[in-house]
Amino acid sequence: MNPDGRFGGFGGCYAPETLIAPLEQLESTWHAARSDPAFLAELDTALATFAGRPTPLHHAARLSRELGCELWLKREDLLHTGAHKINNAIGQCLLARRMGKRRIVAETGAGQHGVATAAACAHLGLECVVYMGVVDAERQRPNVLRMELLGARVERVTAGQQTLKDAVNAALRDWAGDPIGTHYCLGSALGPHPFPSIVASFHEVIGREARAQWNTVGTRAAGRLPDVVVACVGGGSNAIGIFRAFLDEPSVALVGVEAGGRGIASGEHAARFAGGSPGVLHGTRTYLLQDSQGQIRPTHSVSAGLDYPAVGPEHAALHESGRARYVTATDGEALDAFERLARSEGILPALESAHAIGWIVREAPSLRGQRVLVNLSGRGDKDLDTVARLRAGAPA
Ligand SMILES: Cc1ncc(COP(=O)(O)O)c(C=O)c1O
């Protein structure tokens, strides 16, 4: 990354004037905090005793046998509140407190970032408002109740497609109305600089732990790096969190799995690389789903957390440089993978994470004999209603 927040030709800070001062304050606070042993100790303690780090690295022995590759799962699903999102939520709430801000706003799609932020706010005694599209609030109902029980106010967004993009718009508008007293705790490696870098840095712990664990989990993995690292990509925070530990290892292939929805040809998906082009959304230049006039195209995914028209700018740069490869899994492949992991390994993954498993299942013939590390970003409890409806034959 350049000092101005650019990753190659992507990223940057395309923000309204009212937000420039709070973005600069956030950047300088983050720089100071990163080298402050007291901040780092507080973060480490919260991650260990509140969030539940380190998460284990699990050898998926039965599924490995079925697929013919060696599959290892980084168990972010075991974290408090059910997904990797808590790493960033705790980090940003600690930064907010350092800036003297006592009110936090957040956007959420799947509800996981909203729940994580609500929990972090309760833990630190901060006020919390979460914006969520009405469609997402309906399909992730248990998470709405969780946020409310944790003391957050959930604002249902009725604009646009009533999903994640519209929730981001509403949160940005709220922040612009009170940039001094409020911090916007953005939930993915997206948005204007410095958010993509801050969010990625709070998730680097995933890759750091996984790499250290990889060398100690047993003789089968020791001494050789994974051949492939796989993660699902919504905004891209869990993926960048695990990828960064392997960026300088050319022997390790990095694969990001986007939501292929009902298939690329149908136009009903959230595959920004397969179906999009560069443009600016929510303060950053990146790959987007847009029409020829630059209007944002509607997205579709069975998984609320992947249902967003833009991808984090660092992924756009990794795509253009060829260092990472971006692929898709459809709604159907994700649902099959959800059931397959449940039966083979006793683990119900989030539908987001099931996209990563779905790609591995589809590509198993070309992965034969390889060591595959997958970031299992979250658990599937929030998706049980959706899975039940789909199993009963409802459309995704
Ligand atoms: C469990 C889980 N995984 C992945 C994602 C996608 O986000 P990101 O690409 O930022 O990791 C979400 C988003 O809500 C999620 O809840």
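Visitor: How many aromatic pairs does the structure hold?

Guide: There are seven aromatic pairs in this model, which is a predicted one.

Visitor: Why is the pair of Trp-72 and Trp-214 called edge-to-face?

Guide: The ring centres of Trp-72 and Trp-214 are 5.6 Å apart, and centres within 6.5 Å make a pair. The planes of these two rings stand at 65°, and an angle over 60 degrees counts as edge-to-face, so the pair of Trp-72 and Trp-214 is given that name.

Visitor: What makes this a link between distant parts of the chain?

Guide: Trp-72 belongs to strand S4 (residues 70-75), while Trp-214 belongs to helix H9 (residues 195-214), and the two are 142 residues apart.

Visitor: How do you know whether Trp-72 and Trp-214 are buried or exposed?

Guide: The word buried applies under 20% relative accessible area. Trp-72 has 7% relative accessibility and therefore counts as buried, and Trp-214, at 1%, counts as buried too.

Visitor: Why is the pair of Phe-273 and Tyr-287 called tilted?

Guide: The planes of Phe-273 and Tyr-287 are at 50°, with the ring centres 5.1 Å apart. Stacked would need an angle under 30 degrees and edge-to-face one over 60, so the pair of Phe-273 and Tyr-287 is tilted.

Visitor: Which parts does the pair of Phe-273 and Tyr-287 tie together?

Guide: Phe-273 sits in helix H11 (residues 272-275) and Tyr-287 in strand S12 (residues 284-288), so the parts tied together are 14 residues apart in sequence. Phe-273 counts as buried because its relative accessibility is 9%, and Tyr-287 counts as buried at 10%.

Visitor: What makes Phe-10, Phe-273, Tyr-287 and Tyr-326 a cluster?

Guide: Ring pairs link these four residues, Phe-10, Phe-273, Tyr-287 and Tyr-326, into a cluster.

Key
Residues are numbered from 1 along each chain as its sequence is written. This is a predicted model: local features need pLDDT of at least 70, side-chain atom pairs count only at pLDDT 80 or more; totals for chains, interfaces and linings use all residues. Side-chain values use heavy atoms; hydrogens and water are left out. Rings of Phe, Tyr and Trp (its six-membered ring) pair if their centres lie within 6.5 Å; planes under 30 degrees apart count as stacked, over 60 as edge-to-face and the rest as tilted. Helices (H or I, at least four residues) and strands (E, at least two) are DSSP runs, numbered from the N terminus. Buried means under 20% relative accessible area, exposed over 50%, partly exposed in between (1.4 Å probe, protein chains only).
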